[in-house]
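The text below goes through several of them in turn.

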Amino acid sequence: VDLALSEEQRELASSFAGLLGRASFPDQVRAAEPAGFDAALWRNLYETGALLMAVPEAQEGWGASMVDLALVAEESGRWLAPAPVIECQVTARLLARVGSPPALEALRAVLEGSRLVSLSLHPARCGVAGLVPAGAVCDAVVVLEGDRLSLVPSPDERRRPVANLGFAPLADITLEDGGELAHGVAATGAYELALDEWLVLTASALVGIGAAAHEAVCGYAAERRAFGGVIGSYQGVAHPLAEDATRLDGARLLVQKAAWAIDTHHARGRELAALAFAFASETAEQATYQAIHFHGGYGFMLEHDVQLFYRRARGWARVWGSADDAYRRAAAARYGSSERRSA
Amino acid sequence: VDFAWDDKAEALRTEVREFLHAHLTPDLEEELYESGVSHDDVFARAMGAKNWIGADWARDGFEPLDAFGVHILTHELTKADAPVYLVSTSMMVARVIRGVGSEELQATILPKVVRGEVTIALGMSEPEAGSDVAAVTTRARPADGGWVIDGQKMFTTNGHIADYVFLLARTEPESERHRGLTTFLVPLRTEGFEAQAVFTVSGERTNITFYADMFLEDRWRISEVGAGWSSLMLALQDEHSAPFSPHLDRLLERTEAWATEPGPDGAAPIEREEIRRALIRAAADLEVSQLLEVRSTWMESIGEVPVAEGPMSKLYSTESVVRHGEALTAVAGPDALRSRLDPTALEGGLIEHALRYSLGMTIYGGTSEIQRNIIAQRRCGLPRP
């Protein structure tokens, strides 16, 4: 057991923190609302290698581990980056994993920066992929229909951007016939693994969101005075914040373990990925709620940055599902599917 | 980042499990539960023979365990509910004696403690001083050649069978709080000492101990006169690193074993949605508890002091045992009421017992409220209440 980050990993995290902190928070985050996409930031991230790093060296990427990507994702969350880093990284890795000629061709375009390809987090229903992350700004989306994985173009006439709680660039996309990337077990297996990766990286972003909101409210509670004292000295305020600090640390450790489990092809990878998402999601919801609440009326004002975290702690996660959905996925991995048993 | 245990750690885990298989027999387990006393002389000496009491101390002929080795040892012993309470408290005091005690005390007491031959109970809490240890009022008055002790201590667990009690007393009459305190090692065969049994919800026996005009030679003093508080900190450091996640591990393992067995109607409880939900939430909290604990150990291994991280792991692990003791006994239905050692009980009653057993954990070693205070101050940067 060794919980130390390497020198390179610390540099990676701090370089993304520098880039996102400088370029995006909070003015650019607000300026990008409600569309939730900052094209200049996205270009900047692309040029820094945010996509290349995620792809294995065999496909000419930099071969970053999931632990590395989780560090980047935490910074994306912390600075509320209005750029679809996680979706696009996971999709690029999915294309590389599928490895069929059309998948590799799409991957080449992604790595050249000429196409933005995202992932539908739910199987298509009635010819529509709903609430596709980055769906409002992508050129194409990878969709699973039955056991067929395909790459479907998403031109403006076939998508409807959706105004949403988290100010994310979501869209409902009406599918046309796309090019098949894979089918059968190869397709569903690769897709499920992509979902595992999305869950872990999003969980990491949620830790970043929760931690940033928590730091903000602790700073406020250490200064704001009421009833003759600093409010952070009252245990009704201090103890919930201590609980959040504890859960945030726990969530970060669980995310790292899940990322490590995927990197090492550990048998519990799927279970841990879903647990990390469930736990991080509940933790970020609680921490951002508390952050608004202990700011009093100020936290409720749109003008105050703390509401930015509250929205995204929910929006970025529930585009896939709730903590309960993730617990169900974890239980299926740990105990076997309940539907199969009862069938 | 690496979350895997290396071969050396796994070999130690196997060794501890084999030891437990040989020495923690079902008969002994039943006897321990019936008596409510988490100690057995034979078991303690067998541990001593393995160098597992104070396993991180260098001793002739043994290689001391590193922080991760101690972590695995204590987790395995705790998960098996092995009778280690009294050897643990003995070691807490041994660390104080080694830190600040006289050469004579070190020479006579320490070798016997690590062999499991001498045991020491804790005499810190009082009727009016629990988590707030600095409120103690038990007095030690200077007398010719020693001290006269008067007072009363609460929760002196094993005070009826130990060889000594580690006593925190006020040696400076009008002193307040942390000042004017001194620590002593009191031989329990001394005249003026009395232990009175107190039984608890978990089934554990503890004691109220009385000290009436008890004369104690000065050679039994551990700390410098008036320096008791700082010597106490050496003991508490140890208490903060005790693992609690193994109790949740045991509870979850037993409940999963029950849930995967087909019931009378042929269906296993695990097929029911509410059972799966309760179990998987416990599994998540077990992961988090274990990770917070392993982080504290890792920090120690690189020479860092887990000032806020130790309290975080104690808080999260103990609160999780309480939460899931409640949730899992509830979801297991009426049969979960059948008690430990009742022949009809689920999993030998270990599920039912976990609920009662959990109640002490969020109290001793500093209540959850104390842990939250420390985290709020040391991690969140909030002022003292």
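**Aromatic rings in the model**

In chain A, one aromatic cluster is formed by A:Phe25, A:Trp79 and A:Phe309. The model is a predicted one.

Over all chains, the structure holds 13 aromatic pairs. One of them joins B:Trp5 and B:Phe68, whose ring centres are 6.0 Å apart with 80° between the planes. An angle over 60 degrees counts as edge-to-face, and this pair is edge-to-face. B:Trp5 lies in the segment before helix 1 (7-23) of chain B, while B:Phe68 belongs to helix 4 (residues 67-79), so the pair ties together parts that are 63 residues apart in sequence. B:Trp5 is partly exposed, with a relative accessible area of 23%. B:Phe68, at 16%, is buried, because buried means under 20% relative accessible area.

Another pair consists of B:Tyr164 and B:Trp220. The ring centres of B:Tyr164 and B:Trp220 are 5.5 Å apart and the planes meet at 45°, so this pair is tilted. Distant parts of the chain are linked here: B:Tyr164 is in strand 4 (residues 164-170) of chain B, and B:Trp220 is in the loop between strand 7 (205-217) and helix 7 (228-240), 56 residues apart. B:Tyr164 is buried, with a relative accessible area of 14%, and B:Trp220 is buried too, with a value of 12%.

Which residue lies over the face of B:Trp57? That residue is B:Arg98, at 4.0 Å from the ring centre. B:Arg323 lies over the face of B:Tyr316, at 5.6 Å from the ring centre.

Technical notes. Residues numbered from 1 in each chain as written. Chains lettered and ligands numbered in written order. Predicted model: local features only at pLDDT ≥ 70, side-chain atom pairs only at ≥ 80, totals over all residues. Heavy atoms only, no water. Phe/Tyr/Trp six-rings, centres within 6.5 Å; stacked < 30°, edge-to-face > 60°. Helix = DSSP H or I, 4+ residues; strand = E, 2+ residues; numbered from the N terminus. Buried < 20%, exposed > 50% of the residue type's maximum accessible area, 1.4 Å probe, protein only. Lys NZ or Arg CZ within 6 Å of the ring centre and 35° of its normal.
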